[in-house]
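Subject: A structure for you to look at

Hello,

I am passing a structure on to you, with some notes to read beside it. Please open it first and then carry on below.

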Amino acid sequence: MAALADRKRSGRPVSFTALQLAEVKAPACQLPAETGVPLSRWSCPELAREVVARSIAGSISASTVRRWFKQSRKAPTP
């Protein structure tokens with residue numbers, strides 16, 4: 001059975017959980033005014049600040065938020 005275990009993987013370990021990813025994307029589905037933020041729409045830097053303010057993550061960069069949304073727009077390949 002030991003032969004069936006996953007091997008160690010190279011690279012940096014995952015910093016955010018799937019739940020945190022979903023919690024980051026959730027406010028983007030709402031107008032900022034609904035959450036009390038005085039904006040007309042979310043930008044990636046503003047969304048990153050909101051995530052930290054809501055204690056969803058200790059820190060997150062705008063580029064990480066942007067990359068997640070860009071990845072979610074890609075169409076799955078058949």
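A word on accessibility before anything else: a residue is called buried when its relative accessible area is under 20%, exposed when that area is over 50%, and partly exposed in between, using a 1.4 Å probe and protein chains only. Please keep in mind that this is a predicted model, in which local features need pLDDT of at least 70 and side-chain atom pairs count only at pLDDT 80 or more, while totals for chains, interfaces and linings use all residues. Residues are numbered from 1 along each chain as its sequence is written, and side-chain values use heavy atoms, with hydrogens and water left out.

The overall picture

The chain has three helices and zero strands, and along the sequence it reads α-α-α. Helices here are DSSP runs of H or I with at least four residues, strands are runs of E with at least two, and both are numbered from the N terminus. The radius of gyration of the chain is 16 Å, whereas a compact globule of 78 residues would come out near 12 Å. That radius is taken over C-alpha atoms, and the globule rule is 2.2 Å times the number of residues to the power 0.38. Along the principal axes, the C-alpha trace spans about 55 × 35 × 20 Å. Of the 78 residues, 23% count as buried. Among contacts (heavy atoms within 4.5 Å) with a separation of 6 or more, 38% are between residues 24 or more positions apart.

How the helices pack

Two packed helices are described by the angle between their axes and the distance between the axes. The axes are lines fitted to C-alpha atoms, for helices over the stretch in contact, and the angles run from 0 to 180 degrees between N-to-C directions. Angles under 35 degrees count as roughly parallel, over 145 as roughly antiparallel, 65 to 115 as roughly perpendicular and the rest as oblique.

Start with H2 (residues 44-53) and H3 (residues 62-73), which pack at about 110° with axes 8 Å apart. H2 and H3 are therefore roughly perpendicular to each other. On the H2 side the contact has Cys 44, Pro 45, Leu 47 and Ala 48, and these meet Ala 62, Val 65, Arg 66 and Phe 69 of H3. By class, that contact has seven nonpolar residues, no polar ones and one charged. Nonpolar here means Ala, Val, Leu, Ile, Met, Phe, Trp, Tyr, Cys and Pro; Asp, Glu, Lys and Arg are charged; the others, Gly among them, are polar.

H1 also packs against H3, at an angle of about 90° and with the axes 11 Å apart. H1 and H3 are therefore roughly perpendicular too. Leu 21, Val 24 and Lys 25 from H1 meet Val 65, Trp 68, Phe 69 and Ser 72 from H3. The residues of this contact divide into five nonpolar, one polar and one charged.

One aromatic pair

Which two residues form the aromatic pair? The structure holds one such pair, made by Phe 16 and Trp 68, edge-to-face, with 5.2 Å centre to centre and 90° between the planes. Rings of Phe, Tyr and Trp (its six-membered ring) pair if their centres lie within 6.5 Å, and planes under 30 degrees apart count as stacked, over 60 as edge-to-face and the rest as tilted. Phe 16 lies in the segment before helix H1 (18-25) and Trp 68 in helix H3, so the pair ties together parts that are 52 residues apart in sequence. Phe 16 is partly exposed at 22% relative accessible area, while Trp 68 is buried at 11%.

Some single residues

Glu 50 lies in helix H2 and counts as buried, at 15% relative accessibility. Leaving aside neighbours within four places in sequence, Glu 50 is in contact with Val 37 and Trp 42.

Arg 54 lies in the loop between H2 and H3 and is partly exposed at 36%. Leaving aside neighbours within four places in sequence, Arg 54 is in contact with Pro 27, Gln 30 and Thr 35. Ser 55 is in the loop between H2 and H3 and is exposed, at 61%. Most residues other than glycine have a negative phi, but phi of Ser 55 is near 60°, a positive value.

Finally, Cys 29 lies in the loop between H1 and H2 and is exposed, with 73% relative accessibility. From Cys 29 to Arg 7 is 38 Å, C-alpha to C-alpha, and the two are 22 residues apart in sequence.

Best wishes
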